[in-house]
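Please look through the sequence and the model below before reading on.

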Amino acid sequence: MESQSQHIGSNGGMDGVDQKEGKIANQRKAGTCESILRILAFILTLTAAVVLGVSKQTEIVSMKILPTLPPIDVPATTKWHYLSAFVYFLVANAIACAYAAFSLVLTFANRGTKSGLGLVIIFLDLSMMALLFSGNGAATAIGLMGYQGNSHVQWNKVCNVFGRFCNQVAAAIVLSQLGSLVFMYLVVLAALGLHRRSK
């Protein structure tokens, strides 16, 4: 009888150890997933900033000054810093890129500890997500203006002339949008982790 109770007690102890090992394995898996997502966010935002930062195109444009005179060919150059929406977009991606690298170090330092640093990281992830979404919205609005123009205010479309520049802007916006979705996924993962821990 005694040996049977000892056997049951030892099994209960083993179950506790197995559960603890399972929790540690889950934490490692979540930590690895988080690290991969942060590296991905870093790469996407860095690439978006670089693609927009190097965008520049010069084309010869025909301008008609007077209806009676023939058109004059004038070289016209477009650069990303000519539009404040693109400047905001590039700065937002640069900030998010720097934060992604910094947060990677912070998450390694915070791993396994129960400090308030985890909540700070979640708040900063949320801030980066909001910053990127606002930058994407601003750049997309101006990009659409370039593709379609606006007849109400007599703004002509320019992407039929500066096609390569517009394509680079579109690629940068897509990359940045993917980066913001990665930050959103990090926030969702953190919220789910907090919910699990509170049970």
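What percentage of the 199 residues in the chain do buried residues make up? In this predicted model, buried residues make up 30% of the 199 residues. The accessible surface of the chain comes to about 12800 Å², and carbon and sulfur atoms account for 67% of that surface.

**The chain as a whole**

The chain contains 4 helices and 2 strands, and, when read from the N terminus, its elements follow the order α-β-β-α-α-α.

**A network of salt bridges**

How many salt bridges does a search of the whole structure find? The search finds 2 salt bridges, and they link Glu-34, Arg-38 and Asp-125 in a network.

| Salt bridge | N to O distance |
|---|---|
| Arg-38 and Glu-34 | 3.0 Å |
| Asp-125 and Arg-38 | 2.7 Å |

Arg-38 and Glu-34 both belong to helix α1, which covers residues 2-53, and the 4 residues that separate them correspond to about one turn of the helix. Asp-125, which forms a salt bridge with Arg-38, lies in helix α3 (residues 117-148), whereas Arg-38 lies in helix α1, so this pair ties together parts that are 87 residues apart in sequence.

Which of these residues are buried, and which are partly exposed? Arg-38 has a relative accessibility of 1% and therefore counts as buried, because buried means under 20% relative accessible area. Asp-125 is buried too, with a relative accessible area of 1%, while Glu-34, at 25% relative accessibility, counts as partly exposed.

Where is Ser-176 placed? Ser-176 is found in helix α4, which covers residues 163-198, and with a relative accessibility of 0% this serine counts as buried. If its neighbours within four places in sequence are left aside, Ser-176 is in contact with Ala-48, Phe-89, Asn-93, Leu-132 and Asn-136. With one of these residues, Asn-136, the side chain of Ser-176 makes a polar contact of 2.6 Å. Although Ser-176 and Leu-46 are 130 residues apart along the chain, their C-alpha atoms are separated by 8.8 Å.

Terms used:
Residues are numbered from 1 along each chain as its sequence is written. This is a predicted model: local features need pLDDT of at least 70, side-chain atom pairs count only at pLDDT 80 or more; totals for chains, interfaces and linings use all residues. Side-chain values use heavy atoms; hydrogens and water are left out. A salt bridge is a side-chain nitrogen of Lys or Arg within 4 Å of a carboxyl oxygen of Asp or Glu. Buried means under 20% relative accessible area, exposed over 50%, partly exposed in between (1.4 Å probe, protein chains only). Contact means heavy atoms within 4.5 Å. A polar contact is a pair of N or O atoms within 3.5 Å; within protein, one must be able to donate a hydrogen and the other to accept it, and residues adjacent in sequence count only if both atoms are side-chain atoms. Accessible areas come from the Shrake-Rupley method with a 1.4 Å probe; for residues, only the protein chains shown count as cover.
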